[in-house]
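Dear colleague,

I am handing over the structure below, followed by some notes on what was found in it. Please read the notes alongside the coordinates.

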Amino acid sequence: MNRAARLFPLGLMLGMALLAFWLNVLTMQRGDAPGKIDLSRPEYTINRLTAKRFDAQGRPQQYLQAAQMWQLPRNPNVYLSKPRIEVFLQGIPDYTVTAATGRYHKQQKTADFSDNVRWERKATADAPAILLQTSVLHVDTIARSASNRAPLVADYGTSQLKSTGFIYQQDSGQLNLLSNVRITYAP
């Protein structure tokens, strides 16, 4: 066997080691090393988001649209701009929430909406339509409820009510008004 044939594997290993060392040096000099992350800048941004969630039977459960969605580094919350969420009950539309801004808490599976919040429930055979307008809204996807402690105005069919705070339980369809309730009833 000649000398070149014996040295080739050794030269190949040496070349591979130098290449690995060089690539390691290049990657260590990058400006976005873990210690230099800007926590105030989004880790990712999605424009014109559309997402659908289905239940175990394949029926629609939630439908989300947003002008923009983003998440900050090391922050479990997801932020939304101009969110629109439609919630279904056994595949049938139950209510829709729109707002200027929103935040989804991944760990608690809750969402908070603010600025020009509109919560709307379409009329059914058993109940008239409801349009609730407020400044903030909290939605709990596990408890299947929506609530707030802020002033609100709600149009219930031809009647109107004003209140400070409410709790809506999706499973029972109950809307409880918490305080300072004023109702204008129009049959």
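**Surface patch and salt bridges**

Leu26 has its place in helix H1, which covers residues 3–28; please keep in mind throughout that this is a predicted model. Leu26 is partly exposed, because its relative accessible area is 41%, and together with Leu19, Trp22 and Leu23 it makes a nonpolar surface patch of about 390 Å².

As for charged contacts, the structure holds four salt bridges, and I describe some of these here.

One of them joins Asp94 and Arg121, whose closest N and O atoms are 3.2 Å apart. This pair links distant parts of the chain, with Asp94 in strand S5 (residues 92–98) and Arg121 in strand S7 (residues 110–121), 27 residues apart. Both Asp94 and Arg121 are buried.

Another salt bridge is formed by Asp171 with Arg144, where the closest N and O atoms lie 2.7 Å apart. Asp171 sits in the loop between strand S10 (159–169) and strand S11 (174–184), while Arg144 sits in the loop between strand S8 (130–140) and strand S9 (145–156), so the pair ties together parts that are 27 residues apart in sequence. Asp171 counts as exposed, because its relative accessibility is 57%, whereas Arg144, at 22%, counts as partly exposed.

The side chains of Arg84 and Glu86 also meet in a salt bridge, at 3.7 Å from N to O. Here Arg84 is partly exposed, with a relative accessible area of 29%, whereas Glu86 has a relative accessibility of 16% and therefore counts as buried.

Technical notes: Residues are numbered from 1 along each chain as its sequence is written. This is a predicted model: local features need pLDDT of at least 70, side-chain atom pairs count only at pLDDT 80 or more; totals for chains, interfaces and linings use all residues. Side-chain values use heavy atoms; hydrogens and water are left out. Patches are made of residues with over 30% relative accessible area and no salt bridge: like charges are joined within 9 Å, nonpolar side chains (Val, Leu, Ile, Met, Phe, Trp, Tyr) within 5 Å. Accessible areas come from the Shrake-Rupley method with a 1.4 Å probe; for residues, only the protein chains shown count as cover. Helices (H or I, at least four residues) and strands (E, at least two) are DSSP runs, numbered from the N terminus. Buried means under 20% relative accessible area, exposed over 50%, partly exposed in between (1.4 Å probe, protein chains only).
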